[in-house]
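Please look over the sequence and the model shown below, then follow the points by topic.

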Amino acid sequence: MAPARPRSSASSPSSFPRGRRIRKRTDFVRIQNGGHRVNTRHLLILVAAPIDAPARGAENGAAPAPVPSAPRLGLVASRKVGDAVARNRAKRLLREAFRRFPELFPERVDIVVILRTGAGSLGLDDVLAELRSVVPVLRRRARDALAAAPSLAGAPPAADERGAEDPPAR
């Protein structure tokens, strides 16, 4: 019997820690109902501001946690994408893009990616090409989502959210 491989540590660049995942159904529903949409041929990307920490902390009397600067990712793949193998492969590729190319995703937002028909046959290069084609739109939608959130509106934009193509604020 072969020895078990050690698990990668949480600080590894190839890890996908729990804090970076959207896991609760309520978060998925909130983002799907109120998120800003970005469409590509095989992906529907929804961007929303995270839940404000004071409201979440006020429920149980605990001190509110700071709003994370790293984006969180949630993936949805229905049977239209393909069989279980195709769905899992497509989700794995998107997680890989999220980990290896953080510059493609704006900071301080929750992102849900809904895979569409045909996404199961994409390769990593195809996924990256689709994501790179909508980076300016994705950043604009993230800025809109953060501006619409009352508790996060006063926070200064992150460096990657300010693009050269954007006009200066008045």
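Leaving aside its neighbours within four places in sequence, with which residues is His-42 in contact? The partners are Ile-114, Leu-115, Arg-116, Thr-117, Gly-118, Ala-119, Leu-122 and Glu-130. The model is predicted, and the points below describe selected local features.

- His-42 is placed in the loop that lies between β1 (36–39) and β2 (43–48).
- His-42 counts as buried because its relative accessibility is 12%, and buried means under 20%.
- The side chain of His-42 makes a polar contact of 2.5 Å with the side chain of Glu-130; Glu-130 is also one of the contacts listed above for His-42.

**Aromatic rings**
- A pair of aromatic rings is described by the distance of the centres and the angle of the planes.
- One aromatic pair is present in the structure. Phe-98 and Phe-105 form this pair, with 5.0 Å centre to centre and 65° between the planes, an edge-to-face arrangement.
- Phe-98 is buried, and so is Phe-105.
- Over the face of Phe-101 lies Arg-132, at 5.3 Å from the ring centre.

**Arg-108**
- The loop between α3 (84–100) and β4 (110–115) holds Arg-108.
- Most residues other than glycine have a negative phi. Arg-108, although not a glycine, has a positive phi of about 60°.
- With a relative accessibility of 14%, Arg-108 counts as buried.

Methods
Residues numbered from 1 in each chain as written. Predicted model: local features only at pLDDT ≥ 70, side-chain atom pairs only at ≥ 80, totals over all residues. Heavy atoms only, no water. Phe/Tyr/Trp six-rings, centres within 6.5 Å; stacked < 30°, edge-to-face > 60°. Buried < 20%, exposed > 50% of the residue type's maximum accessible area, 1.4 Å probe, protein only. Lys NZ or Arg CZ within 6 Å of the ring centre and 35° of its normal. Helix = DSSP H or I, 4+ residues; strand = E, 2+ residues; numbered from the N terminus. Polar contact = N/O pair within 3.5 Å; in protein donor to acceptor, adjacent residues only side chain to side chain. Contact = heavy atoms within 4.5 Å.
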